[in-house]
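Please read these notes with the model open.

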Amino acid sequence: MKKWFTPSLRRYLTLSHTLTVLTLALGMGAVAMGVVWSRARTLQEGILSQAESLAAEKVLEHIRRLEAARDGLAMELAFRPSFSGSTEDLLFLHRVLSYTDIDRLEVFNSRRLLAQAYNLETGGAAELATPWFPQNPQVAALLLAGRPVTWLHKPQRGMASLKSAVKVREATEEESIFLVATLAVTPSWLAGALPSTTVGFLRVGGSILGSWPPLLTEEQPFTLVKGLNTSRVVARLNDDSSLEVVVASGKGAMASLLWPMIRGGILITLASLVLAFLLGETLARRILAPLHDLLEGTAAMARGHLSVRLPIRRKDELGALAREFNRMADELRTTYLGVIATLAEVVEAKSAYTREHIERVERLTMATANILEKRGWTKWSSHQKFILSVAAILHDVGKISIGNDILNKAGPLTTGERSEILSHPEVGAKIVERMGKLDRAAEIIRACHEHYDGSGYPRGLKGQEIPLEARIILAVDAFDAMTQVRPYSKARPWEEAVAELRAQAGKQFDPVVVEALIEAASRELRGEGAATTSSGFYQVLTESDEKAPTAS
Amino acid sequence: MRPLSALVRLFYRSPEELSRLPLLFLLSLSVSCQVPTADVKLTVVTALPPSVAITLYRQISPLAQKLAKVNVEIIPLPEFTLKETIMATAAVGAWPWDLAIVPSSWLRVLARQQVILEVPGHHVQQMEEATALPALLGMQVDGRTMAYPIAADVVALIFNASLVPKEPSCLAELGHLSLPPGTMPLALNLTEYSLALPLLASAVGATTTLEESKLSEALAALRQQLSPALGHGETWKLCLEPQAEAVFAQLFAEQRLAAFVGSPKVLGVLAASKVPFRVVPVPPPCPNCPAPRPWASFLTAVVNVACPYPDLAQRVGLELAIHQENLAMNLAMRTLPVLAGDESAKLLGDFPELFGFYRALAAAQLTPGLKEELEYEKRWAKELGEILLSLPTTNSRTSNALRKR
């Protein structure tokens with residue numbers, strides 16, 4: 001996790017890409033939300049309209065029931081020969097009241113209340129009592145004219161009620177009987193007509209009679225339901241008032257409609273962010289891969305890996321940069337190898353046969369290393385191979401310090417001469433060390449004459465203490481010495497040399513290296529892989545005057 | 001899955017980086033899956049009058065919001081529809097209601113048809129501490145508590161304190177009062193078998209139930225015992241009127257009636273009338289009769305077995321039974337709160353007339369189940385018909401009273 005937050009060009013590119021996509025997503029989301037909001041509003045308006053129709057129908061149903069009850073009760077009353085307000089009349093009124101679901105019945109003559117009956121639970125409230133005669137002149141006139149009338153009675157305090165009256169009988173003024181049926185107006189009439197996200201109101205002349213569901217606070221009703229609302233006049237009453245149904249979106253209505261869409265939007269945005277992140281990472285990785293290679297190549301070169309070459313992935317500026325790097329690396333390597341070549345030539349100059357020897361040793365060393373790698377004994381990097389090749393070429397560079405007479409002497413060596421010969425690995429190692437970045441090659445050269453059983457020189461190392469490269473070079477050098485004419489010995493037959501190698505396996509030579517060498521030599525003898533086993537450095541070095549290596 | 005993983009691998013080859021993907025997706029999902037509970041709804045069905053339904057909403061809605069942030073929908077239905085609907089629940093297996101407010105007499109049928117949930121033990125314990133014991137007993141069916149009590153309803157004798165000087169020891173005693181002309185001494189609704197049957201039992205010396213074989217004998221005894229107070233004709237007719245309680249209240253408010261047997265529903269009308277009145281348990285019909293034990297009924301909250309949020313519904317039921325909401329509900333319904341303790345005592349201080357009803361409740365017996373109720377109703381209707389047919393057409397004293405405006 002910490003690694004991810006480490007500043008890097010790739011992180012910046014990824015972040016930049018992700019942020020761009022986020023900005024785009026948010027922008028598009030804002031536009032989409034605008035569209036969705038508009039659609040949701042239309043949908044909500046549709047819901048409100050439907051709820052309003054249902055609510056209006058429910059309210060109308062109550063008015064119709066009130067008027068139907070009024071007419072039915074009036075007919076009942078009309079059949080009574082007289083109505084004095086006696087207990088029998090009272091009982092009659094209660095009986096007929098029980099047939100209906102209205103709250104209160106009142107019987108008046110032209111002047112006063114004769115009798116009343118009311119539902120104990122709903123009709124007993126004083127504010128439901130009818131003030132006689134109706135204060136509204138229009139209602140009074142219609143009533144006197146024998147027309148059935150319905151009006152709204154809204155006292156100063158308490159519940160409003162719908163009243164519906166009719167003249168039952170007319171004889172003298174005293175004998176005229178009027179029946180008034182009363183139904184308390186309650187917002188619960190709207191129950192069942194409204195979806196849960198809406199609030200319904202009953203309104204008369206701008207004043208709210210109540211809401212369903214009932215509001216739980218004393219706040220003004222519409223402050224709770226700002227936004228969408230719709231209203232419909234359900235009935236125009238005889239007192240010129242209009243009973244309206246108002247249906248409004250509840251506080252969470254739009255939110256509940258929009259939430260699934262918002263949730264979808266969030267999911268899509270997050271999914272696109274994840275995708276953007278993945279794409280950003282991939283693109284950044286691809287864009288920056290050459291830079292990464294360049295960084296690694298430069299670091300490798302700083303560590304002395306002169307054979308570094310960058311892959312040319314693209315044809316753009318970064319591709320050109322990689323090409324230029326390769327060219328620079330080639331130049332450096334050529335210069336470096338030039339120094340090595342010079343040294344090799346100095347060694348060559350000291351004895352005529354040595355040039356071919358160096359060439360063969362380098363080729364067979366690399367072939368043996370490859371066989372070991374194939375058999376799984378070791379794994380060589382290109383740099384290690386380069387170092388091995390340099391060591392193979394310069395393994396005898398220390399012989400510079402040995403006089404030509406000793407070096408080319410055909411007879412046995414004196415103790416002093418021998419001592420001079422034994423010191424040449426150390427001398428060679430020191431020479432190579434001074435060239436810089438070739439410490440490993442120097443180490444190999446220093447151990448090139450160490451024997452597997454510890455009987456070698458200069459330090460008497462044994463077994464695994466001797467670098468593998470040195471063990472290879474020792475065996476290859478010995479094999480080449482046995483199979484070639486030397487000032488002090490004749491060339492021995494191939495089979496005899498092989499037998500000698502095997503005889504010395506575990507003593508002078510590493511047995512594993514011996515077997516790999518024999519295979520490599522056999523292949524060379526059969527002409528297999530001769531062109532590929534050598535690193536080619538030595539040929540390059542020796543032919544550098546005619547054909548310099550190129551970056552491409 | 002394979003194409004997806006192939007796609008992912010196309011972009012990402014490092015397993016370390018791949019491991020971030022599930023994290024990001026989990027993060028996305030957790031952010032987007034925080035669903036509000038606005039569409040969760042607690043549906044309450046009731047046969048209560050609209051004004052009470054509004055009070056019920058005002059009590060339950062904040063409760064439900066407080067407990068689980070759910071909306072409440074109250075569906076007021078006519079009693080018959082409610083009964084039919086809830087009974088049909090068992091046959092259908094489901095009905096879109098969560099909580100129903102029903103009379104206690106329905107509990108036996110609902111419990112046996114497995115329509116309602118049993119009240120959890122810890123709720124019963126809480127109710128034992130907070131509600132009146134008779135109320136809790138009324139919630140039991142076969143030893144199991146099946147409902148939350150909300151209100152109690154019982155009849156009591158209400159008398160005009162200025163006309164009746166002391167608490168009558170028996171109903172017959174009211175017939176011997178010296179009353180102003182046109183004032184009836186007593187009225188009681190004999191069509192209510194919850195009152196009539198206990199009175200009949202008392203008339204023949206039984207304390208609780210009346211053997212069916214003794215019904216005719218008891219009726220004759222009761223008629224004789226009540227004749228001083230009810231006379232022989234018009235008042236009897238009044239007492240045999242099904243919707244009589246409202247008439248009684250009106251006559252009482254106009255001081256045309258000295259005493260009547262009524263429920264707490266009349267208290268509003270009486271309080272508005274300014275007539276001084278007292279409430280006492282219904283006395284026996286005669287001096288030697290045992291005290292009658294009218295049937296007390298309860299209004300209860302029951303929870304549907306198919307309710308998707310039984311815990312919430314039961315919690316709401318409990319709150320209605322044991323908290324202050326109970327008082328508000330009962331004031332709106334004009335019934336007796338079942339809540340015991342300080343709040344109840346305070347209520348009695350504000351409305352001392354309720355005390356008489358509580359006394360009546362203590363002396364009452366539980367209403368039998370719906371099935372038994374229906375059987376009594378059928379039998380009693382027959383007996384009442386016979387009484388009506390046997391009544392004389394006139395009676396000097398009560399006729400005069402009835403004719404007075």
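Helices here are DSSP runs of H or I with at least four residues, and they are numbered from the N terminus. The model is a predicted one.

1. Helix α2 of chain A holds Y12(A). Y12(A) belongs to a nonpolar surface patch together with L9(A), L13(A), L283(A), I287(A), L291(A) and L321(A). The accessible area of the patch comes to about 600 Å². At least two of its residues come from α2 (9–78) of chain A, and at least two from α5 (253–302) of that chain.

2. Most peptide bonds are trans, and most residues other than glycine have a negative phi. The points below list exceptions to check.

3. The bond joining W212(A) to P213(A) is cis, and its omega is near -5 degrees. P213(A) sits in the chain A loop that runs between β7 (207–212) and β8 (229–236).

4. A cis peptide bond also links Y457(A) to P458(A), with omega near 10 degrees. The loop between α12 (439–446) and α13 (468–483) of chain A contains P458(A).

5. D240(A) is not a glycine, yet its phi is positive, near 70 degrees. The residue lies in the loop between β8 and β9 (242–249) of chain A. D240(A) counts as exposed because its relative accessible area is 59%, and the cut-off is over 50%.

6. In chain B, Q255(B) has a positive phi near 60 degrees, again in a residue other than glycine. Its loop lies between α12 (244–253) and β9 (257–262) of chain B. Is Q255(B) exposed or partly exposed? With a relative accessibility of 37%, Q255(B) is partly exposed.

Conventions:
Residues are numbered from 1 along each chain as its sequence is written. Chains are lettered from A and ligands numbered from 1 in the order in which they are written. This is a predicted model: local features need pLDDT of at least 70, side-chain atom pairs count only at pLDDT 80 or more; totals for chains, interfaces and linings use all residues. Side-chain values use heavy atoms; hydrogens and water are left out. Patches are made of residues with over 30% relative accessible area and no salt bridge: like charges are joined within 9 Å, nonpolar side chains (Val, Leu, Ile, Met, Phe, Trp, Tyr) within 5 Å. Accessible areas come from the Shrake-Rupley method with a 1.4 Å probe; for residues, only the protein chains shown count as cover. A salt bridge is a side-chain nitrogen of Lys or Arg within 4 Å of a carboxyl oxygen of Asp or Glu. Buried means under 20% relative accessible area, exposed over 50%, partly exposed in between (1.4 Å probe, protein chains only).
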